[in-house]
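Hi everyone, thanks for coming. Let me walk you through one residue and then the interface around it.

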Amino acid sequence: VTKRFSIAPLQGRSRLETAGGLRSELGDEDALTFDRHIHGYLAATLGREIVAGVHPPGALLPNAPEICQRFGVSRTVLREAYNLLAAKGLIVARPKVGTRVRPKAEWRILDPDVLAWHLQAGPGETFISDLFELRQMVEPAAAALAAEGRVPGTITRIAEAFDRMERFREGQAGLIEADLDFHMAILGATSNPFLTAFGSLIHASLQFAFRISWGGAARIQDDRLHQHGLILAAIREGAPTRARRRMAELLRDSLDDARRSPPKTTR
Amino acid sequence: LIRETIRTLIAINGPPTRWRAKIGRGLSLVFTVARGEPKGELEQVLADTTTNQGDATVTRGAKRAAGGAEAEFADRHAHKRNANDSLAAVLGREIIGGLHPPGSRLPAEAALLVRFGVSRPTLREAFRALEAKGLIVSRQKVGTLVRPKSDWNMLDPDFLAWHMRVAPTLEFVNDLFQLRQIFEPHASYLAAEARSAAALKRIAAAYADMERRKSGHGDLVGADVRFHKEILDATGNRLIGTLGGLIETALVGTFRMGWRGVAIKEDRLLQHRAVLDAIAAQKPDEAQACMAQLLRDSAADVRRALEKDARAKRRHVPPQG
């Protein structure tokens, strides 16, 4: 599932901090690969620090030699990481002044990576409810469109994902992926690439929900599973209004689940 | 080689009349293009002392210099770009336009360095920008690959801007308006519900600017864009507010297609007014309905213009064979 992210963030946040050490433990071949991708890891680590407020908006990032030393990377790698973060609107480099964190409003917060960093950094309750508010706009509308269209291929995809959710309900590894596929298949029914792009939001919120609600052991509540079944039925029967309402209910209850679960920050 | 490259560039960027191409460090070549063919030989070779001017490779000089509201507008919305952003934009448009299809390999670094006449760090910077938007990925021993379309970050305003330059098709416009139809009426509902005096003041100010500039004097499009962005911001939801950047790009892009002419239709202006009034009166349902109607009618305007445009183009194509 993580392949959907353009940068695969490392588990947790501590690994890169020993990057210098880590690299020396690798064989030649791996070390080369590591160099190729290290700017991505570095960008993810700095990105998480920025969204977590370690470097607040308007602040200058520590100077280059300091960062290079901290992570054990070369100036080239640092520059590439900065380029990546700049393209996501998090920072701006000014000659002779240094690299500054941009105002929050300019962050590309819908970028899959930036979104993931927010969730990994331990998002506030506002962020989670904002996220669900956005899903509440997109997904019921998409469910209604899916029910209107009733394209056989789409219904098969949704039904197949639902089958897997039932099969993995006790929390096998495939549950999150099945759940994601269910929602993606509904977005896909719109055949609108902008709407399917919101899949990254669903991905992020599912990972977050499963982690905070069940401490990493993904398991779905019977009620929620049942609600997915109702959505599928409404789409299958070509009932747009009902599909829309069922999806809205599912999202509302899922947000309540997330709110009720004990506030746990990052692993 | 230059001829081939130019044909490709025209396919992607549309036909400017005058081109400036970098052919080496500090050297530029200026030539004219007529009917899709580079016409005549090089006009002049310039010692290129001015960098950071528009695209690193090609400047649509003549079009920019054409003057008028459209050119002025294009300049204002060209964003604060440096030369490297533009290199990313050129490569990004080539990928989106299908010159480098998903799964294919980008030309080798060495070839691109020659073609664009840039330094390696500059090219790398462009690569990182494209990587950040999910367009490419670098693989060990394979090179730089174009990622599948499903990985492209469609919600990135830069991506959208590149996409709009390449393919503002009817399908694309439909998709965009479907997206707006999903968010903006709901956002208007939330804005009316939020009852923020400060937000209302900003929406009202944007509307007042639209009314003042309705005949096209001054930055009418800017005021229009601001009206829609302020409503998204008024929801108080940061994620929804971010969509403003996307919708700004979409609006600027569709306006650039020239469907509306300079002035705004009186009907559309009144519909904006109705949305504002409903938000001010704190009537969420009414605000939602008014915005939905406004978007439906605007979408119809754009579609009509695109179809007219397509008909006009068909008439001008000489019979085949």
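Let's start with A:Asn83, which sits in helix α4 of chain A, residues 75-87; helices here are DSSP runs (H or I, at least four residues), numbered from the N terminus. This is a predicted model, where local features need pLDDT of at least 70, side-chain atom pairs count only at pLDDT 80 or more, and totals for chains, interfaces and linings use all residues. Residues are numbered from 1 along each chain as its sequence is written, chains are lettered from A and ligands numbered from 1 in the order in which they are written, and side-chain values use heavy atoms, with hydrogens and water left out.

Is A:Asn83 buried or exposed? A:Asn83 counts as buried because its relative accessibility is 11%; buried means under 20% relative accessible area, with a 1.4 Å probe and protein chains only. Leaving aside neighbours within four places in sequence, A:Asn83 is in contact with B:Glu125 and B:Arg128, contact meaning heavy atoms within 4.5 Å.

That takes us to the interface. Here, 42 residues of chain A are in contact with 39 residues of chain B. About 3,700 Å² is buried between the two chains, and carbon and sulfur atoms give 60% of that; buried area is the accessible area (1.4 Å probe) that two parts lose on being put together, summed over both. A:Leu110, A:Met137 and A:Phe194 supply 20% of what chain A buries against chain B, more than any other three residues.

Finally, how many salt bridges are there between chain A and chain B? The count is five, a salt bridge being a side-chain nitrogen of Lys or Arg within 4 Å of a carboxyl oxygen of Asp or Glu. A:Glu80 and B:Arg124 form a salt bridge through their side chains, at 3.6 Å, N to O.

Terms used:
Helices (H or I, at least four residues) and strands (E, at least two) are DSSP runs, numbered from the N terminus. Buried means under 20% relative accessible area, exposed over 50%, partly exposed in between (1.4 Å probe, protein chains only).
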